[in-house]
Amino acid sequence: MGIMRKDIASRRAVQSQHNSRTFTWMSAEKDERKMDKKRAANRGEKKGTKRIREDTEVKGQVDAFVNGIGERSDQLIHQRLPSKIFSLGEYLDTMKGMRERVLSSCALPPVSGGDGSTKSISVNTALVEIMVTLKAEIVDLLQSFNTIKVWIQLNVPRIEDGNNFGVSVQEEIIETLSHAEDSAYSFMDSMAKYHITRAKIASKLLKYPALADYRFTLQYLDQKQYLDACTACADLRNDYSVLYDVIIKNLAKLKAPRTTRHSALMM
């Protein structure tokens, strides 16, 4: 009996020691899990702080871009547009004074070889000079109108019910800008088509120099392009004039399309 009691006591001591080690291991594992969660939380806070910092930097860059568009548009509206109206009007008068130069270039005296055949046909230098100038004016118009259009679009308020008259004014002016841009692009295309068509007619004239119809066709083509260039210059001036007039008349609506009273009621 004494021996059995000793065995039982020994077993209980071993079991107690095992349970103690198990409890210690479980406690250590639990503490480790807590530390892991804490480290994960710290990493999350760091990531969140970094994300907030990045979002703040991006917002600052966007705000700087928007402010730059606003300043550039203000300069275009009050300075650039009026100056372009007068400069294009003056150049239109200059173009009209170049009519004789354009028509004399249309005469196209042939450069003949020893056998009497035409060797080359030069471009209409006066007309090319006009188109180079108009091309630069068109590029300038497209850049200016695009900046103003972006500024108006950035001032469009959020969609709400009622009091949308100012928004309608913004949309109408944006449509006017888009129409002017389309007209400018159309004349750019016509300049490329003019040179292609002229090259085809000139090649026929070189091949058949005795046919006067090709020479007359070339002359009429140059005259038509000259008239188109004068019309395009007048259109550019008119686009600047109309846009300047409508923007100045509706500048308050473009900047604040909705009234403060309505905004306060909506809040």
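**Helices, rings and charge pairs**

Visitor: Which is Tyr 220, buried or exposed?
Guide: Tyr 220 has 51% relative accessibility. Buried means under 20% relative accessible area, exposed over 50%, and partly exposed in between, with a 1.4 Å probe and protein chains only. So Tyr 220 counts as exposed.

Visitor: What kind of model is this, and what pLDDT do local features need?
Guide: Residues are numbered from 1 along each chain as its sequence is written, and side-chain values use heavy atoms, without hydrogens and water. The model is predicted: side-chain atom pairs count only at pLDDT 80 or more, totals for chains, interfaces and linings use all residues, and local features need pLDDT of at least 70.

Visitor: How many helices does the protein chain have?
Guide: Helices (H or I, at least four residues) and strands (E, at least two) are DSSP runs, numbered from the N terminus. The chain has 0 strands. Its pattern reads α-α-α-α-α-α-α. The helix count is 7.

Visitor: Which residue does Phe 216 stack with?
Guide: Rings of Phe, Tyr and Trp (its six-membered ring) pair if their centres lie within 6.5 Å; planes under 30 degrees apart count as stacked, over 60 as edge-to-face, the rest as tilted. The search finds 3 aromatic pairs. One is Tyr 208 with Tyr 214: centres 6.4 Å apart and planes at 20 degrees, so stacked. With centres 6.4 Å apart and planes at 20 degrees, Phe 216 also has a stacked partner, Tyr 220.

Visitor: Which helix holds both Phe 216 and Tyr 220?
Guide: Phe 216 counts as partly exposed, at 41% relative accessibility. Phe 216 and Tyr 220 are 4 residues apart, about one turn of the helix. Both lie in helix H5.

Visitor: Which side chain makes a polar contact with the side chain of Lys 149?
Guide: Lys 149 lies in helix H3 (residues 125-154). At 14% relative accessibility, Lys 149 counts as buried. A polar contact is a pair of N or O atoms within 3.5 Å; within protein, one must be able to donate a hydrogen and the other to accept it, and residues adjacent in sequence count only if both atoms are side-chain atoms. At 2.8 Å, the partner of Lys 149 is Glu 181.

Visitor: How many residues apart in sequence are the parts tied together by Arg 101 and Glu 129?
Guide: A salt bridge is a side-chain nitrogen of Lys or Arg within 4 Å of a carboxyl oxygen of Asp or Glu. Arg 101 and Glu 129 form one at 3.2 Å, N to O. Arg 101 sits in helix H2 and Glu 129 in helix H3, so the pair ties together parts whose separation in residues is 28.

Visitor: How far apart are the closest N and O atoms of Lys 224 and Asp 228?
Guide: The salt bridge count is 9. Arg 80, Lys 84, Glu 137 and Asp 140 are linked in a network. Lys 224 and Asp 228 both lie in helix H5, 4 residues apart. Their closest N and O atoms are separated by 2.9 Å.
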